[in-house]
Amino acid sequence: MAASISAAGLKALPSTFHGSWATSLAGEDRAMLSKSVPTYVRVARPLRSRPRMGNVNEGKGLFAPLVVLTRNVIGRKRFNQLRGKAIALHSQVITEFCKTIGADNKQRQGLIRLAKKNGEKLGFLA
């Protein structure tokens, strides 16, 4: 078979392929190929770190070493009881202060959140 000249003036190479790729695979070859190719692709979920409860500033802050030392000396259970009492006492002081200046509950809650944030930064909640 000789090369023919196309409309653009370029020589076309002779080929034995006539039709589409779908018709080139016939019969059992096509059926076997279609069975070997999965119809879906399973993609693994990206690994996510578990949410960590606790203080993001743990071990940081001016008072963190003292807090950690105290926790190690008196034990975690007793330390958490002591910490809970200190936090409750501090919240009562803030509440009394808000009553004195006439602040409403929303402002009181804002002051308590601010106290917690400052305690984290200073290392009291390490």
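Buried means under 20% relative accessible area, exposed over 50%, and partly exposed in between, with a 1.4 Å probe and protein chains only. Keep that in mind for the tour.

This is a predicted model, where local features need pLDDT of at least 70 and side-chain atom pairs count only at pLDDT 80 or more, while totals for chains, interfaces and linings use all residues. Residues are numbered from 1 along each chain as its sequence is written, and side-chain values use heavy atoms, with hydrogens and water left out.

**Whole chain**

Start with a cartoon of everything. You'll see five helices and two strands, in the order β-β-α-α-α-α-α from the N terminus. Both kinds of element are DSSP runs numbered from the N terminus: helices are H or I with at least four residues, strands are E with at least two. Of the 126 residues, 10% count as buried.

**Helices α4 and α5**

Next, select residues 76-101 (α4) and 105-122 (α5): their axes come within 10 Å and cross at roughly 145 degrees. Those axes are lines fitted to C-alpha atoms over the stretch in contact, with angles running from 0 to 180 degrees between N-to-C directions. Show side chains for His90, Ser91, Ile94, Thr95, Phe97 and Cys98 of α4, plus Arg108, Leu111, Ile112 and Ala115 of α5; these make the contact (heavy atoms within 4.5 Å).

**Salt bridges**

How many salt bridges does a search of the whole structure find? It finds two, each needing a side-chain nitrogen of Lys or Arg within 4 Å of a carboxyl oxygen of Asp or Glu.

- Stay on α4 and pick Glu96 and Lys99, three residues apart, about one turn of the helix. Their side chains meet at 3.8 Å, N to O. Glu96 is partly exposed at 47% relative accessible area, and Lys99 is exposed at 60%.
- Hop to α5 for Lys116 and Glu120, four residues apart. Their closest N and O atoms are 3.9 Å apart, and Lys116 is exposed at 51% relative accessible area.

**Nonpolar patch**

Last stop: select Leu69, Val73, Ile74 and Leu82, which make a nonpolar surface patch of about 370 Å². Patch residues have over 30% relative accessible area and no salt bridge; like charges are joined within 9 Å, nonpolar side chains (Val, Leu, Ile, Met, Phe, Trp, Tyr) within 5 Å. Helix α3 (residues 64-74) gives the largest share, three residues.

Key
Areas by Shrake-Rupley, 256 points an atom, 1.4 Å probe, with all protein chains shown as cover.
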